Number of protein chains: 2
Amino acid sequence: MPELRKDPITGRWVIIATERAKRPSDFVRERVEIHGSGFCPFCNGNETKTPPEIIAYRSDGSSRNAPGWSLRVVPNKFPALGIEGGLNRQGEGLFDKMNGLGAHEVIIETPDHQKTLAMLSQRQIEDVLWAYRDRILDLKKDHRFKYIMIFKNHGEAAGASLEHTHSQLIALPVVPKRVREEVDGSREYFNFKERCIFCDIIKQESESGVRVIADSPEFIAVAPFAPRFPFEIWIIPRTHLSAFEDSQKHEFEQLASMLKDMLTRLDKVLDFPAYNYIIHTSPIPETPNEHYHWHLEIMPKLTKVAGFEWGTGFHINPTPPEESAKFLRAAVLEPAT
Amino acid sequence: MPELRKDPITGRWVIIATERAKRPSDFVRERVEIHGSGFCPFCNGNETKTPPEIIAYRSDGSSRNAPGWSLRVVPNKFPALGIEGGLNRQGEGLFDKMNGLGAHEVIIETPDHQKTLAMLSQRQIEDVLWAYRDRILDLKKDHRFKYIMIFKNHGEAAGASLEHTHSQLIALPVVPKRVREEVDGSREYFNFKERCIFCDIIKQESESGVRVIADSPEFIAVAPFAPRFPFEIWIIPRTHLSAFEDSQKHEFEQLASMLKDMLTRLDKVLDFPAYNYIIHTSPIPETPNEHYHWHLEIMPKLTKVAGFEWGTGFHINPTPPEESAKFLRAAVLEPAT
């Protein structure tokens, strides 16, 4: 009998379909490979092919928009949103619309086209996290923005249009619906229990251990109880904190290490899958708070989302998280670089 | 400047990204083609390779699970849900789960492997609609079910695992979250205005005409104001009705004609795209009602859903619906068969 499981934060039901494929080898997919052919605007030497950089990390005193960087943040050349002007909310009969105001930036994680994020050193991944934080802190000063979302699409199947490893940032004038649901769900739990639901999840998962993938003093990586996707992973800070950007230095060090560890395990177990990750953090006007707890969700792209998922919002997941955690725990890793 | 538009029913915001691709030819995708190679359990003569049929339409007096049918409904051989037993709701610490109870059926729309739904005659498509209705009426008698969803995945990119044209039905013991949002949104509007929001949309769209694709006495096909996907189409009955299965014979006739028309236009304009469609209808225990209005949503599969969409629940759509409606209206069709 399949099992229906409820995500305790959003109330979303998931079907854990035990009759279907579930081992890593049961998923047919294309391995993400770096071809490196053709022109790449994110490569060293091509700095003038992107819009002018917003920030860059340079240790050699090199000049802006020129080689010598280890990480660059640039505006998206084809932005989904425009940075200028006001919202200008207005109606069109019964419909509502406003200007597509927002920021859309690209974090180029390394000048090296041949590297994936998982292949970068822990120190380089820390820099990626610092860049996320630097940009969030800067954009928070602009009071038109209510939410800043950081995400990464890795591999064409996961929506990456350029193969050179990069993350994206979108600053939005509204709190998106899915974020609203998550924050509201956490608040409801807090109102009822006077405890943070993520803190409770960490405690329960640590005690049972069945869905824990890895552990460090400041972070835990788990396969969530009601995952939408096979081999979905959540990395959660052990100490309650509502906003990603308020993390401390030693926390970013451990997060970089944990993130590298998880991406490497996915590569081992699933043979270099495409994936998305998203930093889930509090809406800007609502932080700090006691009910919401920032975390990072990694979703390997193994299954196709079809009519049923679009219609219901509930997902059919052929791999119980207890199974995926077992595979991911068992992956033997090379010593970290 | 891109535009943010709000779906008036669910409150979901959509980015209409004017800086990006928007013409039909700008979307790179694989054309859905029927190869017909290899064994197909849905073909004439292979009736014993599916679970025993639930219903079949036969005009020649042929016997069950044997050739001679024009349409068959069978249980899904790899069901996402199991039909036997009770829900057995239970906790696991702070988590909630229950048995994956439900029905999962396949509607085989024709014995002919070479045909797509768009290629079937209006009469055959009517039969598909009658089959949907027959199964809904039967499953409604089972009081364990709260919602019945009918959907179709066409083409591998849209999640179809077998190419022989078919639709699917899933009966669920809970009202799914996305359906809940839509029904609740409609009810809120009704409470405020004392009118059905879909009836209001039909009126406004008919008057402005910019998003109307086609029209018949009982149905209207529009590109919705805030579409998640490029070339998304909604077919809405003009007369208020909360449940699909309560439609009358002449309505099914016109719906079959409109559905064939829309699928044919998509094939013309987008060169045989993969697509999903979903029948949006009232939850079983809540029908009939004045606030919710059943309709059918067609979503061609042209773009990849990536980190941003998963994280926010809002979609980036590069094609304004006024543009997609223009292309779809202009498509020249062969005379109907």
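Is Asn88(A) buried or exposed? I looked this up and found that Asn88(A) is exposed, with 11 other C-beta atoms within 10 Å. I applied these cut-offs: a residue is buried if 20 or more other C-beta atoms lie within 10 Å of its own, exposed if 12 or fewer, and partly exposed in between, the C-beta atoms being placed from the backbone.

I note that this is a predicted model, in which local features need pLDDT of at least 70 and side-chain atom pairs count only at pLDDT 80 or more, while totals for chains, interfaces and linings use all residues. Residues are numbered from 1 along each chain as its sequence is written, and chains are lettered from A and ligands numbered from 1 in the order in which they are written.

Entry on phi angles. I found phi of Asn88(A) near 50°, a positive value in a residue other than glycine. I placed Asn88(A) in the loop between β4 and β5 (90–92) of chain A. Strands (E, at least two residues) are DSSP runs, numbered from the N terminus.

I then turned to Asn65(A), a residue other than glycine whose phi is also positive, near 55°. Asn65(A) sits in the loop between β3 (55–58) and β4 (69–75) of chain A. I recorded Asn65(A) as partly exposed, with 15 other C-beta atoms within 10 Å.

Pro288(A) belongs to the loop between β13 (275–280) and β14 (295–300) of chain A.

I located Pro288(B) in the loop between β13 (275–280) and β14 (295–300) of chain B.

Terms used. Helix = DSSP H or I, 4+ residues; strand = E, 2+ residues; numbered from the N terminus.
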